[in-house]
Amino acid sequence: MKPAQFHYFAPTSVPEAVAMLAERGPDSRVLAGGQSLLIELRYRSARPALVVDINRIPGLSEVTVEDGSVHVGALVRHAQLEHAGFDDPLAELFRQVAPYVAHPPIRARGTFAGSLAWAHPASEWCALAMALGAGIELEGPAGPRTVRADSWFRGPFATACLPQELVTGVRLPRPPAGTVAAFAEHRRTHGSFALAAAMVMLRLGQDRVQWVRIGLANAAGVPLRAIGAESLLMGERPEPELLAEAAARAAADADPPDEPHAPAAYRRHALATLVRRCLARAIENTGTP
Ligand SMILES: Cc1cc2nc3c(=O)[nH]c(=O)nc-3n(C[C@H](O)[C@H](O)[C@H](O)COP(=O)(O)OP(=O)(O)OC[C@H]3O[C@@H](n4cnc5c(N)ncnc54)[C@H](O)[C@@H]3O)c2cc1C
């Protein structure tokens, strides 16, 4: 099917884009990588009167590494993160996760911020943002504001973004030095969305867990941080029994969707397996015997 007719506007600055969004409000949609929006337009599940294409706005395509955080501009593509060249545990996680986001042509166009704006429950980037407590930066008619990931996701494909607002970037806190990362995903075919996915960032000190974050994708209507499992691990020696207990806790605290091809119980089992696998891999990567 072809998209319904819409007006197209390609601003060259954030204020210009915001002014247009403010004027047209809910009748407009932002176009970033277009890898989800164009499908919606073609199926006519979205029929905006105006599409605001932000691809000509300069200054939104950079990944900036700062002292305590990494800033990802609104036009940073998945592929940029797949090849993140900076030396940081977060870059390691980007490099592990990105190959699981769709296919190479989609990764060349689709954006990290666009994934957070679209808010698919299976999105790996949404789970990463949730696990690390990202700040989603918005510009709107009332000025800039930042929304923390735990207030951003409101449900499947629903966020705190107002129709007249533009996501300009995402700020991710940098994990402490010495943190190791592990990611695991279960999906039906190469390039398809995750049936379930898990990621772990973990730092050991004196053979005990000093810092840990666990993110889950497709474990509920929104991405989850497995806080109960993290609490079980904090300050403890990472013995196999404890890792299994933490993994079981993460799965028990999840609320995965029940679908004919992947019932909730199956997804819960997959989540426990994935979390346990990530924890074991992370511990192994710390070099602890
Ligand atoms: C075959 C296929 C497989 C895929 N597999 C995966 C997968 O495994 N994992 C995964 O996470 N994703 C997957 N995707 C989705 C892909 O990653 C998209 O690129 C991404 O979800 C959306 O990013 P985008 O830049 O393309 O956004 P767009 O398609 O341009 O926009 C998506 C939505 O977000 C809004 N939006 C985008 N940017 C902004 C902004 N800056 N401010 C405000 N609103 C904004 C748009 O208005 C629109 O509603 C897949 C897509 C396809 C087609």
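**Close-up views of helix pairs and a domain contact**

Helix 4 and helix 7 run roughly antiparallel to each other, because their angle of about 155° lies over the 145 degrees used as the cut-off. Please keep in mind as you browse these views that the model is predicted.

**View 1. Helix 4 packs against helix 7 in a right-handed crossing.** Helix 4 covers residues 89-97 and helix 7 covers residues 124-132, and their axes lie 11 Å apart. To find the contact, look on helix 4 for Leu90, Leu93, Phe94 and Val97. Their partners on helix 7 are Glu124, Trp125, Leu128 and Leu132. Sorted by class, this contact holds 7 nonpolar residues and 1 charged residue, with no polar ones.

**View 2. Domain 1 meets domain 2.** The domain assignment divides the protein into domain 1 (7-56), domain 2 (63-121 + 130-173) and domain 3 (180-285). Taken over C-alpha atoms, the centres of domain 1 and domain 2 are 18 Å apart. Each side brings a share to the contact: 16 residues come from domain 1 and 16 residues from domain 2. Between them, the two domains bury about 1,300 Å², and carbon and sulfur atoms account for 72% of that area.

**View 3. Helix 10 crosses helix 11 at an angle of about 140°.** Helix 10 spans residues 240-253, helix 11 spans residues 264-285, and 8 Å separate their axes. That angle makes helix 10 oblique to helix 11. The crossing is right-handed. On the helix 10 side, the contact is made by Leu243, Ala244, Ala246, Ala247, Ala250, Ala251 and Ala252. Facing them on helix 11 you will find Arg268, Leu271, Ala272, Val275, Arg276, Leu279, Ala280 and Ile283. How many residues of this contact are nonpolar, polar or charged? The contact of helix 10 with helix 11 has 13 nonpolar and 2 charged residues, and no polar ones.

Technical notes: Residues are numbered from 1 along each chain as its sequence is written. This is a predicted model: local features need pLDDT of at least 70, side-chain atom pairs count only at pLDDT 80 or more; totals for chains, interfaces and linings use all residues. Side-chain values use heavy atoms; hydrogens and water are left out. Axes are lines fitted to C-alpha atoms, for helices over the stretch in contact, and angles run from 0 to 180 degrees between N-to-C directions. Helices (H or I, at least four residues) and strands (E, at least two) are DSSP runs, numbered from the N terminus. Angles under 35 degrees count as roughly parallel, over 145 as roughly antiparallel, 65 to 115 as roughly perpendicular and the rest as oblique. A crossing is left-handed if the near helix is turned anticlockwise from the far one by less than a right angle, and right-handed if clockwise. Contact means heavy atoms within 4.5 Å. Ala, Val, Leu, Ile, Met, Phe, Trp, Tyr, Cys and Pro count as nonpolar, Asp, Glu, Lys and Arg as charged, and the others, Gly among them, as polar. Domain bounds come from an automatic or database domain assignment. Buried area is the accessible area (1.4 Å probe) that two parts lose on being put together, summed over both.
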